[in-house]
Amino acid sequence: MMHKFSMNGINIVLDVYSGAVHIVDDIVYEVLDHYIQNSRNDIIKILGNKYSVEQLEEAYNEIAELQEKGLLFTHDPYQEYINFWDKQSVVKALCLHVSHDCNLRCQYCFASTGSFHGDRLLMSSEVGKKAIDFVINNSGKRRNIEIDFFGGEPLMNFNVVKDVVEYAKAQGAKYGKEFRFTITTNGLLLNEEIKKYINENMSNIVLSLDGTKEVNDEMRVRVDGRGCYDDIVPKFIDMADSRGQDNYYVRGTFTRKNLDFAKDVLHLADLGFKQISVEPVVAPESEGYALKEEDLPVLFKEYEKLAIEYLNRKKQQKGFNFFHFMIDLTQGPCVAKRLSGCGSGYEYLAVTPEGDIYPCHQFVGNPDFKMGNVMSGEFNTNIQNSFRKSNVYTKEKCKDCWAKFYCSGGCPANAYQFNGDINEPYSIGCELERKRVECALMIQAALAL
């Protein structure tokens, strides 16, 4: 399978199964459209009125050489293998919902402004510690374990966060496990004491901010309706600087109300942030801020515009990292990651304040996906296995998609939300992912020239 496109004056060809990326001239780019179905002489007849015989023969030979070297038109190495693939896995990450409550009332919040469509609750230290016991008991021989503190707003229950961190460290030393912690916060409760503890104990922190003051304060408001931008931006800048502009992300969301989201990304970069992720909102079309199919052409242009400016800043040594443009063409993810994605539902699980277990934070509150409880010790492995067996080859829409090894089949929660099936990808998400991958490949190609 091959995918080719032009962006920013560069012709790019991706060989899907080898992962090879080629920068080609206009002649090779056009000959590729005819190479598989036609002979050398046929191609000369088809394109002879546009290029000389010598040019066409040179282009044809270049393509043939790449094919011979296994860098173009390669065959799928996984199709037969996947039929016998019975990937055994262990639980290696938990998303701990230490707070089903929040001091913001963001309009687009998938978690119903922190309550996850239930009661507003805080996790107890007892439940948090039981969750640590659960992951240790279900992590097999794996040494490294990820713990994400999530909400709602986890800083509303920071004493429990600290209790769980200290307990995990002690149990890790006892059982030969190494814990890595991440916390996501809206920043309102950040202070020097909390910042110090996070910097000493957390490997990563996610700081929620949507972009400009106007955009952020329209969607991310307090209980009384006031915006939060002015209060949190100085704290976030200080936090990012205190971590040497590394091991954090400023994470935003764009909606139909700011389809020109590139300006929000660049605003965050202009504030001095070096690690940025701004994601498309995922919401039912009935919501006024939800993205629609008709918005895609605008969003595609916006991603391209952002990619070109991103590249220009990189070249001027004024760059920043944008999560969706970061792509590794040398090492890349392992086979399992390419085929099955984030591991939600089998390697990565979410735990609520009551101790209930779900496939990930976006499934929390859906009784059909409750997998057990860390307090009782019950755990539904049937649900776990259904997620474990899901991969790009169990998803019909993924089989013929050139970007399937970059998104690994997309988000199962989004798929279920829109189509009622974790194996039926969310179409708008697919379209945006393909465009982001093209942008990322263009950036790499331009930097290599």
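Two strands pair if DSSP finds at least two bridges between them, and strands (E, at least two residues) and helices (H or I, at least four) are DSSP runs numbered from the N terminus. This is a predicted model, so local features need pLDDT of at least 70, side-chain atom pairs count only at pLDDT 80 or more, and totals for chains, interfaces and linings use all residues. Residues are numbered from 1 along each chain as its sequence is written, and side-chain values use heavy atoms, leaving out hydrogens and water.

**View 1. An open sheet of 10 strands.** Follow the order β12-β11-β10-β9-β8-β7-β4-β13-β14-β15, with mixed pairing. At the edges sit β12 (321-322) and β15 (372-373), each pairing on one side only.

**View 2. Strands β10 and β11 run parallel.** Five bridges join β10 (residues 248-254) to β11 (residues 275-280). Look for R251, which stands opposite S277 in β11.

**View 3. F149 and F181 make a stacked pair.** Rings of Phe, Tyr and Trp (its six-membered ring) pair if their centres lie within 6.5 Å; planes under 30 degrees apart are stacked, over 60 edge-to-face, the rest tilted. Here it's 6.1 Å centre to centre, with 20 degrees between the planes. F149 is in β7 and F181 in β8, 32 residues apart. Both are buried (under 20% relative accessible area; exposed is over 50%, partly exposed in between, with a 1.4 Å probe and protein chains only).

View 4. Y249 lies in β10 and F323 in the loop between β12 and α12 (335-340), so the pair ties together parts 74 residues apart in sequence. Y249 is buried at 18%, while F323 is partly exposed at 42%.
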